[in-house]
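Here are my notes on the charged pairs, written as numbered points. Have the structure open while you read.

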Amino acid sequence: MIFLRLFGEFFCTGLFSVGGGLATIPFLQDMGLRTGWFDAVDLANMMAVSESTPGPMGINMATYVGFTVAGVPGCVIATLGLVAPSILVILIIAHFLEKFRNSRLVDGVFYGLRPASVALISSAGLEVARTSLLHWDALEGLTAGNWFLLFHWKAVALFAAVFLLYQFTPVKKLHPILLIAASALAGIVFQM
């Protein structure tokens with residue numbers, strides 16, 4: 001039964017997350033809350049691993065969750081569930097491509113999907129920032145005198161350093177792998 005649920009959860013995610021891997025994050029947040037398979041911290045770690053390993057981020061996250069929930073068969077089923085809607089849609093569109101090529105309706109659909117994709121990706125980015133930079137559990141005991149406890153100061157410092165460095169053209173020309181490796185190294189140093 002767990003395999004059917006894994007397939008169904010990721011099929012729905014793949015069907016509605018238009019815009020790539022980052023657009024799957026709001027769906028994964030909801031999935032984690034409903035199923036209990038992972039929490040917000042697990043999701044943040046999943047995103048970090050998925051973003052820094054080869055392959056599409058959404059597929060990497062589906063594989064990660066599937067493996068965590070049901071081992072190797074689970075990772076295969078979750079991944080198939082995520083990609084199945086795309087494959088079906090591509091097959092349908094390829095069959096009717098000539099009819100859709102100059103359709104105002106299709107143009108209108110894609111015009112509407114673009115802002116929705118931006119909203120989903122922005123929502124995911126804000127959730128990652130909230131999880132990474134803030135201690136929400138410290139919010140209850142927060143007073144005007146100890147507001148500084150709300151922040152993960154090491155994470156805020158790393159964010160600010162990377163953001164400021166990235167404003168310089170030479171850093172922008174660096175390969176993303178180097179930035180990911182440097183951030184991983186900084187994270188190891190900060191955790192010690």
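**Salt bridges, point by point**

1. Arg-5, Glu-9, Asp-30 and Arg-34 are joined in a network of salt bridges. A salt bridge here means a side-chain nitrogen of Lys or Arg within 4 Å of a carboxyl oxygen of Asp or Glu. Side chains of opposite charge can pair when their charged atoms come close.

2. Before going on, a word on the source: this is a predicted model, where local features need pLDDT of at least 70, side-chain atom pairs count only at pLDDT 80 or more, and totals for chains, interfaces and linings use all residues. Residues are numbered from 1 along each chain as its sequence is written, and side-chain values use heavy atoms, with hydrogens and water left out.

3. How many salt bridges does a search of the whole structure find? It turns up 4.

4. Take Arg-34 and Glu-9, whose side chains meet at 2.6 Å, N to O. This pair links distant parts of the chain, 25 residues apart: Arg-34 sits in helix H2 (residues 25–35) and Glu-9 in helix H1 (residues 2–16). Helices (H or I, at least four residues) are DSSP runs, numbered from the N terminus.

5. Is Glu-9 buried or exposed? Glu-9 has 12% relative accessibility, so it counts as buried, while Arg-34, at 44%, is partly exposed. (Buried is under 20% relative accessible area, exposed over 50%, partly exposed in between, with a 1.4 Å probe and protein chains only.)

6. Arg-34 also bridges to Asp-30, at 2.7 Å, N to O. Both lie in helix H2, 4 residues apart, about one turn of the helix. Asp-30 is partly exposed at 39%.

7. Over in helix H5 (residues 104–133), Arg-130 and Glu-127 are 3 residues apart. They form a salt bridge, with the closest N and O atoms 2.6 Å apart.

Notes. Helices (H or I, at least four residues) and strands (E, at least two) are DSSP runs, numbered from the N terminus.
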